[in-house]
Amino acid sequence: MSREIAVFIGTRRGLFVARAGPDRRDWTLSEPLLAGREVYHAAEDPRTGWVWACTSHRVWGAHVHRSTDGGRSWETLETAPHHADTPLTAVWQIAPGPADRPDELWAGIEPAGLFISRDGGASWTGVEGLNQHPTRAQWSPAGGALALHSIHVGDQGRVLCAVSAGGVYRSDDGGRSWQASNRGTRAAFLPDAAADAGHCVHRLRVHPMRPDRVYQQNHCGVYRSDDAGASWVEITASLPSEFGYALALDPRDPDAAFVVPEASSHMRTAVDGRLRVYETRDAGASWRSRSHGLPQSNAWVSILRDGLATDGLDPLGLYLGTSGGHLFASADGGAEWSMVAAFLPRILTVSATHLSGR
């Protein structure tokens with residue numbers, strides 16, 4: 001069966017979709033969809049094949065959108081998750097619930113909060129065990145936002161999420177109770193760098209084959225957990241910088257991860273102006289640059305927290321979107337990169353899927 005590869009590219013001025021055949025060589029790019037909106041997140045729900053997008057607009061506000069045709073047309077939902085007493089700034093992520101509950105969705109928002117829908121996004125309920133957590137007083141805006149941006153819903157009631165700046169939180173009972181899960185990470189900007197909460201997590205990803213294996217790119221380093229976030233070990237040593245936002249995994253290999261180091265929290269651009277993707281195949285014991293074909297001089301761009309994605313195919317495809325509006329792709333696990341699109345608006349999010357038969 002032929003597979004169409006679709007890459008959803010969310011920007012400051014709408015959503016673009018790049019499509020190619022299974023060889024991932026010849027790409028076509030859509031016209032802007034959801035035009036004029038900031039697209040914080042856009043990704044396929046593997047349970048239904050629907051694509052969800054989260055947007056914000058200075059006049060129209062923040063919304064959740066749904067596509068049932070692979071991202072070609074979009075419906076704006078009437079309601080969006082929000083706190084009862086605080087204006088909604090943005091919806092940062094929509095995450096699918098368990099496979100046996102296809103109408104269940106989870107959402108992370110700004111100001112930071114976690115919400116659940118059990119009717120396919122028609123209505124939303126706040127997850128108060130986290131939204132009113134005793135450590136919430138230790139949360140604070142990071143470089144520009146206080147947002148809940150990473151959510152993973154697993155089996156048997158386990159949910160992990162990340163707040164910037166707040167840290168990693170874990171529930172083992174479907175969201176009723178929560179514990180801060182930051183032991184082993186550093187928050188060098190706090191008076192107590194090992195505080196229970198207040199950590200600035202930039203991206204959190206759980207490995208689908210081994211759900212106890214979790215990676216995070218933090219404001220203060222890259223970390224790995226082998227116990228579902230109960231404890232962390234830093235794996236930054238052989239990277240050119242501890243700072244960065246983007247993080248992606250190879251879904252077939254729990255020991256593999258990809259990051260894009262940035263110069264510092266002050267500069268927030270590619271280290272030395274060289275756009276490099278670093279790969280580990282030994283769970284962070286060592287890293288190597290996989291950047292042939294990416295600009296290696298005067299590339300003073302940043303890659304945001306959702307700007308690096310993989311497609312799960314063999315060989316693995318990787319996709320990288322820059323603040324300068326360029327999308328790069330690799331069809332061989334990062335050995336060789338090529339430009340798919342250029343001069344787009346600032347890229348906020350990239351995700352990839354293969355639409356078999358749809």
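Ala283 is located in the loop that runs between strand S22 (278-280) and strand S23 (288-289), where strands (E, at least two residues) are DSSP runs numbered from the N terminus. This is a predicted model, in which local features need pLDDT of at least 70 and side-chain atom pairs count only at pLDDT 80 or more, while totals for chains, interfaces and linings use all residues. Residues are numbered from 1 along each chain as its sequence is written, and side-chain values use heavy atoms, with hydrogens and water left out.

Although Ala283 is not a glycine, its phi is positive, at about 60°. Ala283 counts as buried because its relative accessibility is 7%; buried means under 20% relative accessible area, exposed over 50%, and partly exposed in between, with a 1.4 Å probe and protein chains only. Asn298, in the loop between S23 and S24, is another residue other than glycine with a positive phi, near 55°, but Asn298 is exposed, with a relative accessible area of 63%. Most residues other than glycine have a negative phi, and most peptide bonds are trans.

| Peptide bond | Omega | Loop holding the proline |
|---|---|---|
| Glu110 to Pro111 | about 0° | between strand S9 (105-110) and strand S10 (113-117) |
| Asp314 to Pro315 | near 5° | between strand S24 (308-310) and strand S25 (318-321) |

Arg224 belongs to strand S18 (residues 221-225) and is buried, with a relative accessible area of 17%. The side chains of Arg224 and Asp226 are joined by a polar contact of 3.1 Å, a term for a pair of N or O atoms within 3.5 Å of which, within protein, one must be able to donate a hydrogen and the other to accept it, residues adjacent in sequence counting only if both atoms are side-chain atoms.

Strand S4 (residues 38-44) is largely enclosed by the rest of the structure, because six of its seven residues are buried. S4 runs antiparallel to strand S5 (residues 51-57), to which six bridges join it; two strands pair if DSSP finds at least two bridges between them. Six residues separate S4 and S5 in their hairpin, and Gly49 in the turn has a positive phi of about 80°.

Terms used
Helix = DSSP H or I, 4+ residues; strand = E, 2+ residues; numbered from the N terminus.
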